[in-house]
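Here's a quick briefing to read with the fold open on your screen. Take a look at the chain below before going through the notes.

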Amino acid sequence: MSAFTADESRTACHLLLGQTFICPLTYPELFQLLRDSEFVSAVNTTLNGLGYKLSQVGDADNPEVFFCAVMSMDDQRDRQHVEKRLLEMRDQIGAFIDFFRLVDHAGQGGVVSGGEVSFSKLLLAIEGHRPYLDQLRDLQAHKLFDGSKNVTDNGERLKRVLKVMHDQGYLVRRNASSTVYAFTGKIAYLQRIMSWLADHHRIEVIKPEDRSAFQEGLL
């Protein structure tokens, strides 16, 4: 028999409705609870009443991340909400790809859930290879990373880039004082969205007949 409290259910719903992604690195206890059918039922009862549902990326038996998705796109407000989220992500994808390329090229390992990014190791690799310095500098051309535009110190520039990725929910520190980060389960969600956008080439509006992203539970 499942053992969870009403507070745990409320906390999960509050986070999900706030567009927080729940994975083993961000909220390990809640992530485990969300693998329990009775807890999922309790959470969905609340979410469904507000027009949302629990969704996930990953296999049913091996989820990577849980998040909140709309139940229906019949309402114009829901369609506008979905369009806005897709457009925002589309406009940021170039920045994400350039950051992932820098991490991958600088030998930090795969860009996957749980993959680590060490600030000191990444900075050492960047400063030891001119093309990586250029890639770090070029990140500031993206609106997402323009907070590093007037920064000349490579370490400070990299800190600001990592902070953006952390604030966006794609990275989490291994502990409060650590400079070693790990990619959260949200990275799996982003990769699904990127794949969907690649398949559809572009996204300006969500046409009523083209609801595949919604049907896949991505939004």
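This is a predicted model: local features need pLDDT of at least 70, side-chain atom pairs count only at pLDDT 80 or more; totals for chains, interfaces and linings use all residues.

The protein has nine helices and five strands. Along the sequence they come in the pattern α-α-α-β-β-α-β-α-α-α-β-β-α-α.

**Overall numbers**

- The protein runs to 219 residues, and 43% of them count as buried.
- Take the contacts between residues at least 6 apart in sequence: 58% of these join residues at least 24 apart.

**The β1-β2 hairpin**

- Strands β1 (residues 52-59) and β2 (residues 62-70) run antiparallel and pair over eight bridges.
- Two residues make the hairpin link from β1 to β2.

**The three-stranded sheet**

- Further along there's an open sheet of three strands, ordered β3-β5-β4 and paired antiparallel.
- β3 (116-118) and β4 (171-173) sit at the edges with a single partner strand each, so one side of each has no neighbour in the sheet.
- On average, neighbouring strands here are turned by 30° against each other, ignoring direction.
- The pairing of β3 with β5 (residues 180-183) is antiparallel and spans three bridges.
- Within that pairing, Val117 is opposite Tyr181 of β5.
- Helix α7 packs on this sheet and touches β3, β4 and β5, with its direction at about 105° to that of β4.

**A closer look at Tyr181**

- Is Tyr181 buried or exposed? Tyr181, which belongs to strand β5, is buried: its relative accessible area is 6%, and the cut-off for buried is under 20%.
- Leaving out residues up to four places away in sequence, Tyr181 touches Gly115, Glu116, Val117, Leu162, His166, Leu171, Val172 and Arg173.
- Tyr170 lies 11 residues from Tyr181 in sequence, and their C-alpha atoms are 9.7 Å apart.

**Helices α5 and α7**

- The axes of α5 (residues 119-127) and α7 (residues 154-167) come within 10 Å and cross at roughly 130°.
- That angle makes α5 and α7 oblique to each other, and their crossing is right-handed.
- On the α5 side, the contact uses Phe119, Leu122, Leu123, Ile126 and Glu127. On the α7 side, Asn154, Gly155, Leu158, Lys159 and Leu162 take part.
- Sorted by class, the residues of this α5 and α7 contact are six nonpolar, two polar and two charged.

**Helices α4 and α6**

- Which way do α4 and α6 run relative to each other? Their axes cross at roughly 160°, and angles over 145 count as roughly antiparallel, so α4 and α6 are roughly antiparallel.
- The axes of α4 (residues 76-105) and α6 (residues 130-138) come within 10 Å.
- α4 passes α6 in a left-handed crossing.
- Arg101, Leu102 and His105 from α4 meet Tyr132, Gln135 and Leu136 from α6.
- Three nonpolar, two polar and one charged residues make up this contact of α4 with α6.

Definitions and conventions: Residues are numbered from 1 along each chain as its sequence is written. Side-chain values use heavy atoms; hydrogens and water are left out. Axes are lines fitted to C-alpha atoms, for helices over the stretch in contact, and angles run from 0 to 180 degrees between N-to-C directions. Helices (H or I, at least four residues) and strands (E, at least two) are DSSP runs, numbered from the N terminus. Angles under 35 degrees count as roughly parallel, over 145 as roughly antiparallel, 65 to 115 as roughly perpendicular and the rest as oblique. A crossing is left-handed if the near helix is turned anticlockwise from the far one by less than a right angle, and right-handed if clockwise. Contact means heavy atoms within 4.5 Å. Ala, Val, Leu, Ile, Met, Phe, Trp, Tyr, Cys and Pro count as nonpolar, Asp, Glu, Lys and Arg as charged, and the others, Gly among them, as polar. Two strands pair if DSSP finds at least two bridges between them. Buried means under 20% relative accessible area, exposed over 50%, partly exposed in between (1.4 Å probe, protein chains only).
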